[in-house]
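Hi,

Here is the model we talked about, ready for you to open. Have a look first, and then read my notes below.

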Amino acid sequence: MTVVRAILAQPSGAIGLGLLLLHLAAMLLAPAIVPQDPARQSAAAMFLGPSAQHWLGTDHLGRDVLSRVLLGGRAAAMTTAAAALVAVIWGGLAGMAAAYRGGWPDEVLMRLMDAFQAVPWLLFVMLVAAFVGNSAPVLIAVLGFCYGLQTARVARAATLDLVARDFVWAAKARGEPMASVLWREILPNLRNILLVDGAMEWSWMLLWFSALSFLGLGVSPPTPDWGLMIADARLYLTVIPWAALAPMIALSSFIIAINLSAEALGKALGLDRALLRETR
Amino acid sequence: MTGLVAVEDLWVTLDRPGGGAILGAIGLTLDAGQTLGIVGESGCGKSTLLAALMGDPGRGLVARGRVRLGGTEVLAAPAETLRRLRGGVVALVPQNAAVTLTPSMTVGGHLEEQLALKTDLGRRARADRAAELVAAVGLQNPAAILARYPHQLSGGQQQRIAIALALAGGPSVLLLDEPTTALDVTTKGAILDLLAGIGARERLTMIYVSHDIGVIRRMSDRVGVMYAGELVEDGPARAVLETPAHPYTRGLLASIPRLDDPFLPRAMPGRPPALAEPRPGCAFAPRCPSADALCHEVRPQARPAGAQKVACHRPLAGAVNPRPPRPAAFLPVAPRPEAPLLQLDGVEIAWHQTGLADRLRGRRPPPTVSGIDLALAPGEALGLIGESGSGKSTILRAIAGLWPLRAGRMAFDGRPLAPAILARDAAARRHIQMIFQNPEDSLNPRHSLREILARPLAWFHGLTGAARETEVRRLIEAVRLPQSHLDRRPADLSGGERQRVAIARALAARPKLLLCDEITSALDVSVQAAILELLADLRRETGVALLFVSHDLAVVRHLADRLVILCAGRVCESGPTGQVLAHPSHDHTAALLRSAGGWAAGAATPA
């Protein structure tokens, strides 16, 4: 509760959290409140401007833009949230263990992180999506893996600070095995960092996941999706700008909301900004 | 009010309406060439006083009252006057020179800059003056020193450069903020000699702030004692240190371990009040043995008592009371060398581990310690003494199973002791427990005290539920902390309380051997005394053996049955405590004895 109050005390935090809750509520309630079937096409209702019946008009296939915008974030948000969870768990564990263990496992992880910094990993994700398929589990795994490398970097840096502290030495001196030291002594000190890092990654993943959808490698039609909508509507930008602008505004405001909330959360928890910035 | 330094009714308060006082009613006068030593525990306002004397008490603070330095009113002075005053009339030697020197600037650059700012010498004259200053602070080959960068100097050399920088503007008042605290004992002695010499030669007025009474005694003509932001006692050094009138001064002096005193130092109950908290009456009253109703209600004014001025309603007279006959912790255990609890044979340890690059080049970093033989009888207390870097903590870590041996053998309880903790059996793990130097670092900030104490109970004894809770409560009581503390986190405790928790955690295992790594060096003296007392009691109660590492002979003297002195990574002397102290056979031991913390009565009395 005190943390929430500390977030709301910051103007950017209050705006971010408010916007985020609005988005989440809309996503949750969308199936119940959408005015039209988002998939229903109508040759009679193509390229319509905003009206009482279609608040945001219709697109080139005559589908209701408002309904599609309300529903269009669900797939992306859920996939990326799952991927962020995967990233935090595997990256956090790998970074912690590597820093604690040192030696060759640490070297391997570090070189892997360096290597992936050199690879344009969007290309990597596209390749995997193209060859293995773009089902949600595959996308979650591959996004989670790529972002997990970033989390591992953060977790490793934070753990390196912690393993030098005497309370970790004290646990080692009791003869406790690695897993128990990591779980009891290190993780409680890493929890806040991982939480904020995961939230930040969620916002970045949303952006890139939408880019994948835009390129046709993310969400498949007919599921409504912001990235797909932008891709479809870009051909008719001069005729029906609302069909592109609405999903653009929805996507960017959602990303900004997560980002502002995460940053305010970090500040509320008193985290070292430098440590979080190190990732990107 | 005359004198070179004249302070009258100086108050420093928080800069907001009704802000509490950090410093209260400070008054002092110093003539040219006098040295005032200021003692007090951490957080009593010593550093704030120095800052206020420089005209800037610090962020968020305001100073009221009068501070005159050589005829200039400091607190009312415009910025330009202050700028000329600082460095020109008054200069500060900081505690840690390493952080005040710019790493990318040579020593010559530092001095050059300071001289350009504070004097009107020409370029040539500045270079000459810089060399003179370097020579004046006792450094050989000034030309070479001037060309060096700070990291190319030793800690002692850096501190000398800091002194040279302070002297560059030709000040008449030198403020010294614990200038030797970060230094080794031998270096410390040299720096003190230098300061005393320069002070006498240049007729400098010095205000020397330290928590080290030995240093203060050696350097000062006058001593001021600060408590909770007030100058509670002020007078000639001898009078204040030998016939202290304020109960706080007495308590402080009694809590300092002394080499010439066979009794344990005596702890003061309670802890200092938080600064800036408004309070009626005397700040020391809650801890004072002779306080009465008046003390709790009326703030005492400074007034003469004997040779000194004292802010106390009930000043004491006469020499320091003899300490109560509290015997040191010697146990009636006859050492049985045939069955030692712990034995080290020819142990060699390297702090720097051999890296891949070293291995490829076929070389190894030199060992930190080598040829270490030690034996510790059950229930015995052994003091392991050495300067920083002598390898004493490394030895402890190796015994605790946290650092690999390069050569040699260890045995515990009659059986070989594996170097790696994970290779040891359950009994060896349980019976050797370690207490670390800094309790701020050795307690997990995310755990409550209950969690901290419950962990070893679960780990070593498999205790759960109510049985564990009972034991946790017993442990916290055993280290004289209230049970209500169990739900707190380490950050909510004072340094001394944290160290008690760390001791309780080690005791939870019911060990046969406690390894103590400088466990009082991060604490204030009055707290240190209480921890030493606790350790002595626990030893009597549990019969645990102690291996106590310290750089300070006076601290160990009361606890240890035997001493082992380390120098340069080897044992240079060992024997029963009394014998080593009375007849040191090695030069290094003698040097340590001379510079031992605390103070020896009669020794080094200022002329």
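Below is what I found, chain by chain and then at the interface.

Some housekeeping: residues are numbered from 1 along each chain as its sequence is written, with chains lettered from A and ligands numbered from 1 in the order in which they are written. This is a predicted model, so to speak of local features I need pLDDT of at least 70, side-chain atom pairs count only at pLDDT 80 or more, and totals for chains, interfaces and linings use all residues.

Chain A has twelve helices and zero strands (DSSP runs: H or I of at least four residues for helices, E of at least two for strands). Its C-alpha atoms fill a box of roughly 75 × 45 × 30 Å along the principal axes. Of its 280 residues, 45% are buried, meaning 20 or more other C-beta atoms, placed from the backbone, lie within 10 Å of the residue's own.

Buried residues make up 49% of chain B.

As for the interface, 17 residues of chain B contact 13 of chain A (C-beta atoms, placed from the backbone, within 7 Å). On the chain B side, α16 (439-442) and α17 (449-461) are the elements giving two or more residues.

Cheers

Terms used: Contact = placed C-beta atoms within 7 Å. Buried ≥ 20, exposed ≤ 12 C-beta atoms within 10 Å, placed from the backbone.
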